[in-house]
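Notes follow in the order I looked things up.

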Amino acid sequence: MPVVASVRRQQIINASADDVWAFVGDPTTLPQWFPGVQSAVVDGDERTITIGAGIPLPERILTNDPILRRFQYTVTGGFFRHHLGTIDVFDLGDGRCLIAYATDAEPDVMALVIGGAAGAGLRELKRQFESGEHDDTASGRA
Amino acid sequence: MGRRILFITTDQQRYDTLGCNGGLLSRTPVVDGLAADGIRYERAVPQSVVCMPSRSTMLTGQHQATHGVWMNGVPLPVDAPSVAAVLHDAGYRTALIGKAHFEPFLDPFERFNENRVASLGTDTIEAPQYGGGVGPHRGFDHLRFATHGATGYLHYAKWIAAEHPEAIGDYYSVIDADLEVNAEGLGDTGAPQVKHNPIERDWYHTDWVAQRTIDWLGGLDADDDWFCWMSFPDPHHPWDPPESELHRVPWSDVDLPAGYPESAAERERILDAKPAQWRRWYDGTLVSNYEAPPAWVPAAMTADQVREVNAMNAIEVELIDEAIGRVLAEIERRGWTDDVDVIVTTDHGELQGDFGLLFKGPYHVDGLMRLPLIWRPAASAAVEPATVTAPVGLIDLAPTFTQIAGVATPEWMQGAALPVSDTDAQTRGIDQQLTAWDSELFGVGMYVRTITRDGWVCTTYLPGAVHDGTEGELYSLADDPLQRENRWDDPAVRSLRDDLVAQLRASLPPEHEPRLELEAPV
């Protein structure tokens, strides 16, 4: 049996990879698309998010690579013995992109909790980009 | 002024736990009385044997494939069809009191309405409705939620925290430090999910649900039409009824259930004749779903543990029966009895020792699939008492409610109003029920489809983690009521099997598009 639970969610978004990356690669935008996150404060490679009932959750940013369009972080508090979150934005070459959000966690259940919420977050991103909410700030159109 | 509806559900209750269904362990005079005055269904089948999909079927009147909630942890879309919304729009006052579970419990982000409403302090939440517009959450203008214990976001947990904080720790902890279903045994025998709970009986969630129902009824005008879904969290595990009530059913006096083969060799012989997931779960080599403790190995369960679980379950069933009696007394006091339809059922069953197993999973046998269902029609409807043997389903509840209310049944409901007799069932062609299971847990996929028809239960398996798609189960309900002899490969019933499989495949309902995502473990 595998020892680390892994959950992945993904969406194809009818927007350019550069535009989507410009938004999700900014670690302060999380409350605008991830459900239940009330705030995100970034200080260097430390990010502290506040969830649901006002509970703060400290995180460390591990990767923020604009060439790969990859963002990785780990939750350093709460229930986790291990956590790695990875967001990738892939250019599909036709004006659309694929965004994938992977969550590896121990205890296993937390992979489902975070990964499940991430799926809702990606659906919200798709809604925002495809409804034009980001048109004013999208790269090349600002 | 029309017929009012008191819809009573329990959670994970077996058919044979009621006296009117032949149960000997619990005393259930209130529900037995409803059955004597009304209609008792002998083959009521869930469309899913887990909570969220089954409850979503009750609310929407749709199969799991169509409403899309394919497993616990998949939230029912907030704008899904709802029979409560239909009744609300028809002028009914509507309440859901107790366990809802259309949305996941494990929700640290508090992003689901069910987990937010108690904190908001409002009666309901305005939310998108099926077909457009906004209205009360899923059609209920009064929400008071509870589940198995005293922690979390729901009304009952907040009430305990405010009124009796010393009792929070009295309950068994359903999940362990790893947030998995707890395997610990805190009773006399070490049976999982059992605890002696020192909580005062009046503070226990069963009585809380009944009292909140009475409170809501008390606020209604005499001529209001109303639909009240009173939903008890018990007798679902944990089995931790108030300690003061343990005298009711001493576990050491309990006979082993008929479904529990006392010989390990016999258990293993029976399990080995079934598809692979049965024996693998029993041996502790397969965890296919979140609903049972992964650290618990059924093969290690003792006969005394089976006795203790059954005793604790029976005590919880008795407390529910008495709570229902209190609510019916309030209805009588208000002078409504002759105009109230009472329906009592549950969302799915519990293995409770059958085959040496507990809890639930991808196992489509009577322990999980044969449900208590009683309908005591309003006296004003002049329906004769009856026993119905035709297979009916929880999918039939929603159209029953609309029929009672005199409201047109929406086209999106896939069931039929419950028959009031076998003749009625025959006339209307009510002769089969479908049940489905889909689970995907960390790479372990399990997909099961079942038809109940003509006195047989026929189960097929789609390809998944331990099945190649050729496996199946076939049981005669008359000849093999404990489902111990799998006749899937019996040449003598091959043509029957082929007919049932063909009928099952021809009856599969349309699927929700897009497929909904698993958003939490439960």
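This is a predicted model: local features need pLDDT of at least 70, side-chain atom pairs count only at pLDDT 80 or more; totals for chains, interfaces and linings use all residues.

Which residue in the turn between β13(B) and β14(B) has a positive phi? I checked, and B:Phe442 is the one, at about 50 degrees, in a hairpin with 2 residues between the strands.

**Entry: the hairpins in chain B**

β13(B) and β14(B) run antiparallel and are joined by 10 bridges. Within the pairing I found B:Ala436 opposite B:Arg449 in β14(B).

Then I moved on to the next turn. β14(B) and β15(B) also make a hairpin, again with 2 residues between the strands, and here B:Asp454 takes the positive phi, near 55 degrees. I get 6 bridges between β14 (residues 444-453) and β15 (residues 456-461) of chain B, in the antiparallel sense. One facing pair I noted is B:Val448 and B:Tyr461, the latter in β15(B).

**Entry: the sheet those hairpins belong to**

I stepped back to the whole sheet. It is open, with 4 strands of chain B in the order β13-β14-β15-β16 and antiparallel pairing. Why is one side of β13 and of β16 left without a neighbour? Both stand at the edges, β13 at 432-441 and β16 at 472-476 of chain B, and each has a single partner strand, so one side has nothing beside it in the sheet. I put the average twist at 10 degrees from one strand to the next.

Next I looked up an open sheet of 8 strands with mixed pairing; the order in chain B is β7-β4-β8-β1-β9-β10-β2-β11.

I picked out one pairing here. β2 (residues 39-41) and β10 (residues 373-376) of chain B are antiparallel over 2 bridges, and B:Arg40 stands opposite B:Ile374 in β10(B).

I also wanted the helix that crosses this region. Helix α7 (residues 205-218) of chain B lies across β4 (93-98), β7 and β8 (226-235) of chain B. Against β8(B) it runs at about 170 degrees.

**Entry: chain A by itself**

I counted 2 helices and 7 strands in chain A. Along the sequence the pattern reads β-α-β-β-β-β-β-β-α. The C-alpha trace spans about 40 × 35 × 25 Å along its principal axes. For 142 residues a compact globule would have a radius of gyration near 14 Å, and chain A comes out at 15 Å, which agrees. Of its 142 residues, 35% are buried. Among contacts with a separation of 6 or more, 49% join residues 24 or more positions apart.

Which element supplies the largest share of the side of chain A that touches chain B? It is α2(A), with 9 residues. Overall, 20 residues of chain A are in contact with 15 residues of chain B. On the chain A side, β1 (5-13) and α2 (108-130) each supply at least two residues. I sorted that side by residue type and got 14 nonpolar, 4 polar and 2 charged.

Methods. Residues are numbered from 1 along each chain as its sequence is written. Chains are lettered from A and ligands numbered from 1 in the order in which they are written. Two strands pair if DSSP finds at least two bridges between them. Axes are lines fitted to C-alpha atoms, for helices over the stretch in contact, and angles run from 0 to 180 degrees between N-to-C directions. Two residues are in contact if their C-beta atoms, placed from the backbone, lie within 7 Å. Ala, Val, Leu, Ile, Met, Phe, Trp, Tyr, Cys and Pro count as nonpolar, Asp, Glu, Lys and Arg as charged, and the others, Gly among them, as polar. The radius of gyration is taken over C-alpha atoms; the globule rule is 2.2 Å times the number of residues to the power 0.38. A residue is buried if 20 or more other C-beta atoms lie within 10 Å of its own, exposed if 12 or fewer, and partly exposed in between; C-beta atoms are placed from the backbone.
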